[in-house]
Amino acid sequence: MGKDVIVACDFPSAGETLAFLEKLGEARPFVKIGMELYYAEGPQIVRALKERGHKVFLDLKLHDIPNTVKKAMAVLSRLGADIVNVHAAGTKAMMAAALEGLTRPDGSRPLLIAVTQLTSTDEETMQKELLISRSMPETVMQYARNARDAGLDGVVCSPLEAAAVHASCGQGFLTVTPGVRFAEGDKGDQKRVMTPAEAKSIGSDYIVMGRPITAAADPAEAYGRSLREFVD
Ligand code: C5P
């Protein structure tokens, strides 16, 4: 899979998700669905999106003992998800077990990426509450290397970290980057943002864009623009 824009469908129901996707006409974007929608609608939402022709990033951030994660991943793999994720904090053993669970009988599997440190955790909280004494950048890079060593395909990270992740883990290790806004767009609650063109120039493999597309007056135009700036 090459560079692509993943549209974050942060809607509370299947009805609202499909109503939004209808606005995009013939386009079938790669979509990301998270815990809210998945827990509300269950596996059927993944099947419905796949039947409609979308690739699906199932953003459930698994984190449990290796055996439990392996079995849960086998279920998500059978649903036909294209990208799934785990918390790198679950350890290399857990990440390796996740990969095993994902691998289908024919050898194919969804891409597996890791969350390093959530961007909602700042360095002070990480050090004082979690007793991780290293700096945030060192911790993020160590978690990314753990993910690579466990055989994962990449990490979710800020576009600002993408170049460092590639330098540390190799150019083929995927960087999937949220926090992307059009140049004149409203940043919303995102603090550190990049435009699609900047994310492209810094080497992001996939950008995740939600509200700049889902809340746009003309979502089809906004999605088209994201592709022109990031992919073309
Ligand atoms: O609407 P917006 O473009 O901000 O959506 C970004 C998406 O990426 C949301 O689904 C958000 O939960 C997710 N995300 C993020 N920052 C992270 C990890 C995930 O914004 N560090």
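**Notebook: ligand site**

I looked up the ligand shell first. Ala8, Asp10, Lys32, Thr119, Pro178, Arg181, Gln190, Val208, Met209, Gly210, Arg211 and Pro212 surround the ligand (a residue is near a molecule if one of its heavy atoms lies within 4 Å of it).

I noted the basis. The model is predicted, so local features need pLDDT of at least 70 and side-chain atom pairs count only at pLDDT 80 or more, while totals for chains, interfaces and linings use all residues. Numbering runs from 1 along each chain as its sequence is written, and side-chain values use heavy atoms, with hydrogens and water left out.

I sorted the shell by class. I got five nonpolar, three polar and four charged residues, with Gly counted as polar. Two elements, β8 (206-209) and α10 (211-214), each supply at least two shell residues; both are DSSP runs (helices H or I, at least four residues; strands E, at least two).

I checked polar contacts next (pairs of N or O atoms within 3.5 Å). A polar side-chain atom of Lys32 lies 2.9 Å from a ligand oxygen. For the Arg181 side chain, I read 2.7 Å from an N or O atom to a ligand oxygen. For Gln190, the corresponding side-chain distance is 2.8 Å. The protein covers 79% of the 460 Å² of accessible area that the ligand has on its own (Shrake-Rupley, 1.4 Å probe).

Asp59 forms a salt bridge with Lys32, closest N and O atoms 2.7 Å apart (side-chain nitrogen of Lys or Arg within 4 Å of a carboxyl oxygen of Asp or Glu). Asp59 is in strand β3 (residues 56-62) and Lys32 in strand β2 (residues 30-34), 27 residues apart. I count 14 salt bridges by this rule.

How values were computed
Polar contact = N/O pair within 3.5 Å; in protein donor to acceptor, adjacent residues only side chain to side chain.
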